[in-house]
Amino acid sequence: MEKYFIYTYGCQMNVHETEKLAGILEDRGYMQASTPTDADVIVFNTCCIRESAEQKIIGNIGSIKPLKKAKKDLIVAVCGCMAQQKDMVDTLRKKFPFINIVFGANNIEFFGEYLDAYKSQKKFLNKVEQDKDYIENISGVSCVRDNSLYAYVNIMYGCNNFCTYCIVPYVRGREKSRTPESIYAEVKTLIKLGYKVITLLGQNVNSYGLDGNTNGVNFAKLLDNIAKFDGDFELRFMTSHPKDLSDEVIDVLASNPKISKTLHLPVQAGSNKILKEMNRSYTREKYLDLISRIREKIPEITLSTDIIVGFPGESDADYLETVDLIETVRYHNAFIFMYSKRKGTIAEKMENQVPLSIKRERIHKLLDIQHHISEELFNKMVGSTIRVLVDEECENEYTAKAQCGKVAKIKKTEPLSVGEFYNIKITDYKKGNLIGTITND
Ligand code: SAH
Ligand code: SF4
Ligand code: F3S
């Protein structure tokens, strides 16, 4: 049997699309290889959100060269966001003449056909197009899921927001929503198959349906309808753009026990000047007001965010406003990045780019501040009772996940079932993990 190996980079969207690539390969009789050395087909499902991501991918593609020398029939394919960038096909070919197939983030559904065409013609093939019907086409593609408890479901593709630093709208194209019927059918199947945590995915889930493709169903309605499905499961979603997280969505979140009480709400920066330059369409005050409204209705909510330090023109005072915002909101978790110049974006051409040494200083300080806040918040959970999904049995303990994604360890005092939800009383917080015991409280 021929084997495949897929390298995956980037966000959950890419992780899920890799599951589709695997589905396409397995439909053609391939099986998964445990290492790239064993593979007959190697796919790089790429990301280009920051330069560091691209550099890592370039390094990894380069490392395949000896394998290709040793195995002449090895097929190497590169796909995803990085491949979708302007002029990237030529750049990749020049750098790595051994690549056989290149296709974009909007052409994943045709991978099987590209593979068949390459195998019969043995000629370099590239398809990097904005496929208008991508969402309908990809929905019908088989999927080999990476996990039997946690599942991603795409509800929309693309982004219309054009934050000035971001390349996603250029490589993923405009927003397009999947029909509610198709989403409901997939979620119902997953629940029947025993999946316990369903995460709805989109670059900005709050604008679901705004493209007029959903018969008037908006994100709040979609969420509410899915949360009312029968079965023992939890529902999550990401990412929410703060500019259009509506009160209706907050109410749905507050009133449905099946929706996890956790929200990823990227703020990016704490200074109004920088937020404006980033084209985020909200102010610091509006964002903080949103957080207050959420906490008023859902006091137990855990929040996480994304932050960029060193955006062009970010002064010390602007940076300190980000520090202040982080200390005001107190997120359980924050993903903090140094601004990275992306070709073709508006911020690329902005003057007063911040030197790397300052970006480094700012990220280190902020990571340290956030680390302390996270430690305090998780330590404060000691003594409380939370619901977790047990997802693995180890020798002396079970591991489980809290709604916010944090790992919880449960000592083996009684038999538990992997794939079941339990209430645990948190007794300790150690080395980044919650420690708990089963409780009937
Ligand atoms: N659609 C999501 C996030 C997509 S990208 C949203 O809008 O929230 C994930 C994160 O990468 C972003 O939230 C941002 O913090 C970061 N990011 C995007 N472009 C970047 C760049 N050019 N440099 C550094 N970080 C970037
Ligand atoms: Fe990028 Fe902004 Fe779109 Fe998120 S909302 S994908 S940060 S342009
Ligand atoms: Fe990267 Fe594309 Fe996701 S650029 S972050 S893989 S949408």
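Modeller: Contact here means heavy atoms within 4.5 Å. This is a predicted model, in which local features need pLDDT of at least 70 and side-chain atom pairs count only at pLDDT 80 or more, while totals for chains, interfaces and linings use all residues. Residues are numbered from 1 along each chain as its sequence is written, and side-chain values use heavy atoms, with hydrogens and water left out.

Biologist: Which residues of α9 and α10 meet?

Modeller: Pro180, Ile183, Tyr184 and Val187 in α9 meet Leu222, Asn225 and Ile226 in α10. These residues divide into 6 nonpolar, 1 polar and no charged, where Ala, Val, Leu, Ile, Met, Phe, Trp, Tyr, Cys and Pro count as nonpolar, Asp, Glu, Lys and Arg as charged, and the others, Gly among them, as polar.

Biologist: Why are α9 and α10 called roughly parallel?

Modeller: Helix α9 (residues 180–192) and helix α10 (residues 219–227) pack at an angle of about 30°, with their axes 11 Å apart. Angles run from 0 to 180 degrees between N-to-C directions, and axes are lines fitted to C-alpha atoms, for helices over the stretch in contact. Angles under 35 degrees count as roughly parallel, and α9 and α10 are therefore roughly parallel to each other.

Biologist: What makes β12 and β14 edge strands?

Modeller: An open sheet is formed by 3 strands in the order β12-β13-β14, with parallel pairing, and two strands pair if DSSP finds at least two bridges between them. β12 (262–264) and β14 (333–338) each have a single partner strand, so one side of each is left without a neighbour in the sheet.

Notes. Chains are lettered from A and ligands numbered from 1 in the order in which they are written. Helices (H or I, at least four residues) and strands (E, at least two) are DSSP runs, numbered from the N terminus. Angles under 35 degrees count as roughly parallel, over 145 as roughly antiparallel, 65 to 115 as roughly perpendicular and the rest as oblique.
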